[in-house]
Amino acid sequence: MTPHTPSVPPATPSAPVRVLICDDNTMLRTALADVIEAQPDLVLAGSAADADEAIRLATVRRPHVVVLDVRFPGGGPYAAEQILRAVPGARVLAFSAYGDQGPRTEMAAVGVAGYLVKGIANAQLLAEIRALGAEALRAA
């Protein structure tokens with residue numbers, strides 16, 4: 001007989017995960033910000049409406065995870081590439097209305113760590129942010 005092992009909650013990083021939200025849809029940015037701010041282990045590092053603002057905020061605020069719209073004004077792949085250059089160790093999570101392979105391949109080519117299609121449950125988005133944040137914190 002195997003002794004019962006109590007379930008252990010997932011390990012949480014010693015520091016909160018800083019998350020930058022990048023999407024041109026104001027309502028979506030606001031909703032995502034509210035979801036992030038409601039989590040005790042996540043901190044909103046800012047939100048951006050275009051690539052230039054995203055790159056500037058990422059450089060200043062040093063997020064662990066960047067949730068980035070693939071069809072972002074100024075270019076999602078461009079923004080991802082510049083953010084990853086400016087903030088080594090950050091993880092970019094592509095967030096798109098499009099699930100086809102073309103955008104996935106394009107984003108993967110510039111170093112994006114994950115890809116989710118908009119409309120997923122908040123729990124799935126938060127799980128991915130936490131997983132990528134834990135990677136970024138371990139790498140720091």
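## A buried aspartate

Asp69 counts as buried because its relative accessibility is 6%, where buried means under 20% relative accessible area with a 1.4 Å probe and protein chains only. This is a predicted model, in which local features need pLDDT of at least 70 and side-chain atom pairs count only at pLDDT 80 or more, while totals for chains, interfaces and linings use all residues. Residues are numbered from 1 along each chain as its sequence is written, and side-chain values use heavy atoms, with hydrogens and water left out.

## Surroundings of Asp69

Asp69 belongs to strand β3, residues 65-69 (strands are DSSP runs of E of at least two residues and helices are runs of H or I of at least four, numbered from the N terminus). Leaving aside residues up to four places away in sequence, Asp69 touches Cys22, Asp23, Asp24, Gly76, Phe95 and Lys118, contact meaning heavy atoms within 4.5 Å. The side chain of Lys118 is joined to that of Asp69 by a polar contact of 3.4 Å, that is, a pair of N or O atoms within 3.5 Å, one able to donate a hydrogen and the other to accept it, where residues adjacent in sequence count only if both atoms are side-chain atoms. A polar atom of the Asp69 side chain also lies 3.3 Å from the backbone nitrogen of Arg71.

## The sheet

Five strands form an open sheet in the order β2-β1-β3-β4-β5, with parallel pairing (two strands pair if DSSP finds at least two bridges between them). Its edge strands are β2 (42-48) and β5 (114-117), each of which pairs on one side only.

Notes: Buried means under 20% relative accessible area, exposed over 50%, partly exposed in between (1.4 Å probe, protein chains only).
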